[in-house]
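Take a look at the structure first, then read on.

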Amino acid sequence: MIDNSAFLEGIRHAMGNDGIEEKSSTQAYKLDSPEGVGCHLHFSNSLLSKVDYFIEKDHIVKLIELSDLEEQIRECQIKHTHIASLSARENRKLRKKAWQPLTDEFKKKWCGSIAVIERLYRKNNILDTDPRYKLIIVCRDHTDPRMLDTLEQQLRGMMGVVTVTNTKNISSHL
C-alpha cells in the first residue's frame with residue numbers, strides 16, 4: 001500500500017524566464033518529478049510522459065498539467081491562419097496540422113499519467129473501481145484567456161473532459 005500523503009504539495013509552476021514562481025494555495029499529489037508518485041512506482045521520467053499533479057476524489061482523477069504555453073500557442077496560431085479561398089474542410093485540416101505537435105504532447109501525458117494512476121490503484125488494492133479521468137491544463141496568469149479557449153477547443157473530445165485555465169483560477173476547477 002502506498003501512502004499518497006507523502007506526495008502532497010502546493011501546486012506551483014517551474015520558475016519562469018521572468019524569475020517569478022507562480023503558485024496556488026491548492027494542494028495536489030506530485031506525479032512527475034524524481035520525488036513524485038511516478039518515480040516511486042518505478043516509472044522513470046525518461047520512460048513515460050506524465051502530467052505534473054493529480055487529485056483523486058470519489059474515483060474521479062483530475063490530471064493537472066502546468067505549462068507556460070503562450071509561445072507554443074502563438075506559433076500554432078501563426079502556422080494556421082484561416083484562408084478564405086479554402087473550403088471549411090481544408091481549413092480544418094490546416095488547423096489540425098498546425099496544432100498537431102501540441103496536441104500530441106498532451107495525448108502522451110494523458111496516456112502516461114493514466115498508466116501511473118492505474119498502477120497506483122493496483123498497488124493500493126483498489127481493483128473494484130473504474131476511475132474517470134479529467135485533464136486540467138494550467139497556464140500562467142499572464143496568458144491571454146482567448147488563447148486558452150483555442151487550445152481547449154483543439155483538445156476537446158480527444159481526452160475526455162479537458163479544462164484549460166490559469167493559476168489564479170485553478171481552485172474553481174477542482
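## Charged pairs

Asp-32 and Lys-50 make a salt bridge, with their closest N and O atoms 3.6 Å apart; the term covers a side-chain nitrogen of Lys or Arg within 4 Å of a carboxyl oxygen of Asp or Glu. Asp-32 sits in the loop between E2 and helix H1 (37–40), while Lys-50 sits in the loop between H1 and E3, 18 residues apart. This is a predicted model, where local features need pLDDT of at least 70, side-chain atom pairs count only at pLDDT 80 or more, and totals for chains, interfaces and linings use all residues. Residues are numbered from 1 along each chain as its sequence is written, and side-chain values use heavy atoms, leaving out hydrogens and water.

A search of the whole structure turns up four salt bridges. Among them is Lys-109 with Glu-65, at 2.9 Å from N to O. Lys-109 belongs to helix H3 and Glu-65 to strand E4 (residues 60–66), so this pair ties together parts 44 residues apart in sequence. Both Lys-109 and Glu-65 are buried. Helices (H or I, at least four residues) and strands (E, at least two) are DSSP runs, numbered from the N terminus.

## Ring against ring

There are two aromatic pairs, counting rings of Phe, Tyr and Trp (its six-membered ring) with centres within 6.5 Å; planes under 30 degrees apart are stacked, over 60 edge-to-face, and the rest tilted. Tyr-29 and Phe-54 make a tilted one, 5.3 Å centre to centre with 35 degrees between the planes. Tyr-29 comes from strand E2 (residues 23–30) and Phe-54 from strand E3 (residues 53–57), 25 residues apart. Both Tyr-29 and Phe-54 are buried.

The other pair is Trp-110 with Tyr-133: their planes are at 75 degrees and their centres 6.4 Å apart, so this one is edge-to-face. Trp-110 is in helix H3 and Tyr-133 in strand E5 (residues 132–139).

## Helix H3

What happens at Gln-100 in H3? H3 bends there by about 55 degrees, and Pro-101 follows within four residues; the bend is the angle between axes fitted to the seven residues ending at a residue and the seven starting there. After H3 comes Asn-125, with a positive phi near 55 degrees.

Methods
Buried < 20%, exposed > 50% of the residue type's maximum accessible area, 1.4 Å probe, protein only.
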